Amino acid sequence: MASSSSPGDKNLEQNLATSSPSSLDVWKDRIIIPTILAGVVGGGVGLISKHRKTLGVGKTSATYATNLAIVAGCYCGAREFVRVSRTGKPDDLLNSAIGGFGSGAILGRLQGGPAAAARYSVVFAVVGTTIDYAALKLKPILRSYYDSLAGSGKDKNEDWFKLPEWSPIQVLDEEALAAKRAREEQMYRKVHNLNNEES
């Protein structure tokens, strides 16, 4: 039997072929890294929690880290599922609101029934969308700050990190480095002359 393929099937295959390499980047950048960061933040909050005295620091930190990582993973996964379903842009805040609403409803239902599902869905939608909005606004600021620290990027080997002018640690140019070496040699000769006179 000869197989006939429609133009729609070819477009779908092309889209799947072109989206496969970047799907790992999406998972890493938009789901895995935020989940790990949430776990680290949760562990840090567990270190200063009032429950650490009764339950122990390790158990409290592990519990907080696990819970916050689960929440972040569910939220980020739902947000990306909505983005793929809607074929929207990664920075669309409607994806965040819908993903937060869905993940909050599921986790709330598991935690405390239908009433909790309604509360959790609203809280997740508002908090998740707010965090995504803040991240969108902070990304260019952090990028420009990083670029100012990293320099212009013309010569990455020499100028990969620039210290501020007010820093007490300064990188010496050739002239200042030669003067420093001369001072060090002069001090070295003085010390050795003292040692020779004592013997």
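The accessible surface of the protein amounts to about 15200 Å², and carbon and sulfur atoms hold 63% of that area; accessible areas come from the Shrake-Rupley method with a 1.4 Å probe, and for residues only the protein chains shown count as cover. The model is a predicted one, in which local features need pLDDT of at least 70 and side-chain atom pairs count only at pLDDT 80 or more, while totals for chains, interfaces and linings use all residues. Residues are numbered from 1 along each chain as its sequence is written, and side-chain values use heavy atoms, with hydrogens and water left out.

Of the 199 residues of the protein, 20% count as buried, a term for a relative accessible area under 20%, with exposed meaning over 50% and partly exposed lying in between (1.4 Å probe, protein chains only). The protein has six helices and zero strands, giving the pattern α-α-α-α-α-α along the sequence. Helices here are DSSP runs of H or I with at least four residues, strands are runs of E with at least two, and both are numbered from the N terminus. Among contacts in the protein with a separation of 6 or more, 43% come from residues 24 or more positions apart, where contact means heavy atoms within 4.5 Å.

How do helix 3 and helix 4 pack, and at what angle? Two packed helices are described by the angle between their axes and the distance between the axes. For helix 3 and helix 4 (residues 93–112), the angle is about 130 degrees and the axes are 8 Å apart. Helix 3 is therefore oblique to helix 4, since angles under 35 degrees count as roughly parallel, over 145 as roughly antiparallel, 65 to 115 as roughly perpendicular and the rest as oblique. Axes are lines fitted to C-alpha atoms, for helices over the stretch in contact, and angles run from 0 to 180 degrees between N-to-C directions.

G56 sits in the loop between helix 2 (52–55) and helix 3 (57–86) and counts as partly exposed because its relative accessibility is 24%. G46 is ten residues from G56 in sequence, and their C-alpha atoms are 9.8 Å apart. G102, in helix 4, is partly exposed too, with a relative accessible area of 30%. Its C-alpha atom is separated by 9.4 Å from that of Y120, 18 residues away along the chain. Q170 belongs to the loop between helix 5 (114–150) and helix 6 (174–198), and at 44% relative accessibility Q170 counts as partly exposed.
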